[in-house]
Amino acid sequence: MPEIPEMEIYKNYLNQWIKDKKINEVNVLRAKSVNLESTQFCKKVIGKQIIGISRRGKYLIFHLNDGHFLLTHMMLDGRLYLLTIDAETLKENEGNKSVDLWAKIFQSSAEDLKQSIKELPGKASVVFGLTEDTVLFFCNLTLGYLHYLNQDELETKLRELGEDPLDPDFSAQSFSHLLTGKRGMIKPWLMNPKNISGVGNAYSNEALFGAGILPTRLIPAISRTDKANLFNSLVNIIKDSIRLGGDMEEPFAKWDNLTGGYNAYFKVYDRAGEPCLVCREAIQRAEVGGRNAFFCPHCQI
Ligand SMILES: [Zn+2]
C-alpha cells in the first residue's frame with residue numbers, strides 16, 4: 001500500500017505536470033469510485049482548473065478553482081498514470097491522430113484501455129483529459145476512491161487524521177508528548193492514522209529497526225531518548241525514500257525512472273530470513289496487531 005513517500009512523490013509529479021491545467025473531459029469507468037452519480041460528477045468537474053495538489057497522510061487533495069476539492073485515497077492498489085499524447089505516443093498507437101487517440105481513450109471501456117495503453121498500471125477507474133493533450137488515469141480504485149467535496153466535507157473527512165510526520169511543526173517533542181500515557185505495542189500505534197497519518201506497514205517496520213525498538217515493545221517501556229530516536233528514524237526514512245523514489249513498482253509516466261528506487265534500501269521490511277545488514281542475524285517475521293512485523297531480534301530490543 002502506498003504510504004507517505006509514494007503519495008508525496010505523486011504530489012510532486014502532479015504539481016509539476018498538471019498544476020494549472022483544466023479538466024476538459026472525464027470518463028468514469030467505475031461508478032463506485034466516485035461519490036456522485038457519474039454524470040453529476042462529470043458535470044461538477046469538467047471545465048474546472050486544478051490550482052494545486054496537496055497531501056495529508058495517504059490522501060491527495062486536488063484543489064479546484066471553484067473552491068471545491070477532489071480527495072483521493074489509493075488504499076491497497078490504487079495507482080496514478082500520466083500520459084502525454086505526443087509524437088511518440090501517437091507512433092505507439094499506430095499513427096493515430098491526436099484527436100483520434102483522445103476520442104479513443106474517452107470512449108473505451110476499462111478493458112479496451114488496458115489493451116491500447118500498455119503501460120497503464122492497472123484497470124482505469126476514472127480518466128481525466130487535461131489541457132495540452134495530457135491524460136491522467138486513476139487506476140484500480142476498487143477500495144480506493146476519488147471524491148468531489150466542498151471545504152466542510154473535506155475538513156470533516158480529514159478531521160480525525162493524526163499528525164503528519166513531514167509537518168514542519170511536528171517535532172520529536174510533540175511525538176513524545178503524543179505517546180505519553182499510551183498503552184499497547186508501539187507498531188500498531190504507529191500505524192493507526194488517528195495517531196500518525198500516512199505510516200503503514202513498510203515504513204513503520206523500517207523506522208522501528210532504525211531506532212532499535214522491537215515492534216512489540218510496549219509504549220510505557222520506551223524511554224525518552226528512544227522516542228526521540230524513533231521520531232528521527234521515521235522522518236529520515238520517509239525523506240530518504242522520497243528522494244530515492246519510494247517503493248512503488250509502477251512508474252507514474254513513461255519517462256519516470258525514479259519511482260521504486262527505495263525498494264533496494266529496505267533493511268527489514270519484506271526481508272524475512274535474509275541476513276540483517278548490521279549484524280547478519282536472520283530477519284524475522286511475526287504477526288503484530290494483525291500485520292506482518294519484520295525485525296532483527298539482535299539489533300532491536
Ligand atoms: Zn541485526
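**Entry 1: overall build**

I am working with a predicted model. I began with the secondary structure and found ten helices and ten strands. Next I looked up the extent: along the principal axes, the C-alpha atoms fill a box of roughly 65 × 40 × 30 Å. How does the radius of gyration sit against that of a compact globule? For 301 residues the globule would come out near 19 Å, and the protein has 21 Å, which agrees. I also checked burial, and 36% of the 301 residues count as buried. Then I turned to contacts between residues at least 6 apart in sequence: 62% of these join residues at least 24 apart.

**Entry 2**

The domain assignment gives me domain 1 (4–158) and domain 2 (172–295). I noted 30 Å between their centres, taken over C-alpha atoms. At the contact, 17 residues of domain 1 meet 17 residues of domain 2. Which elements give two or more residues to the domain 1 side? They are helix H1 (4–17) and strand S5 (79–84). H1 gives the most, with eight residues.

**Entry 3: the largest nonpolar core**

I went to the largest nonpolar core next, which has 71 residues. Which of its members touch the most others? My list reads Val126, Val127, Val135, Leu136, Phe137 and Phe295. I was pleased to see that this core draws at least three residues from each of domain 1 and domain 2.

**Entry 4: Gln284**

My last stop was Gln284, which lies in strand S9 (residues 284–288). Is Gln284 buried, exposed or partly exposed? I count 17 other C-beta atoms within 10 Å, so Gln284 is partly exposed; a buried residue would need 20 or more, and an exposed one 12 or fewer. Leaving out residues up to four places away in sequence, Gln284 touches Ala272, Phe295 and Pro297. Phe295 is also on my list from the core. I checked Pro297 too: it is 13 residues from Gln284 along the chain, and their C-alpha atoms are separated by 7.1 Å.

Terms used: Residues numbered from 1 in each chain as written. Predicted model: local features only at pLDDT ≥ 70, side-chain atom pairs only at ≥ 80, totals over all residues. Helix = DSSP H or I, 4+ residues; strand = E, 2+ residues; numbered from the N terminus. Rg over C-alpha atoms; globule rule 2.2 N^0.38 Å. Contact = placed C-beta atoms within 7 Å. Core = buried A, V, L, I, M, F, W, Y, C linked by C-beta atoms within 7 Å. Domains from an automatic or database assignment.
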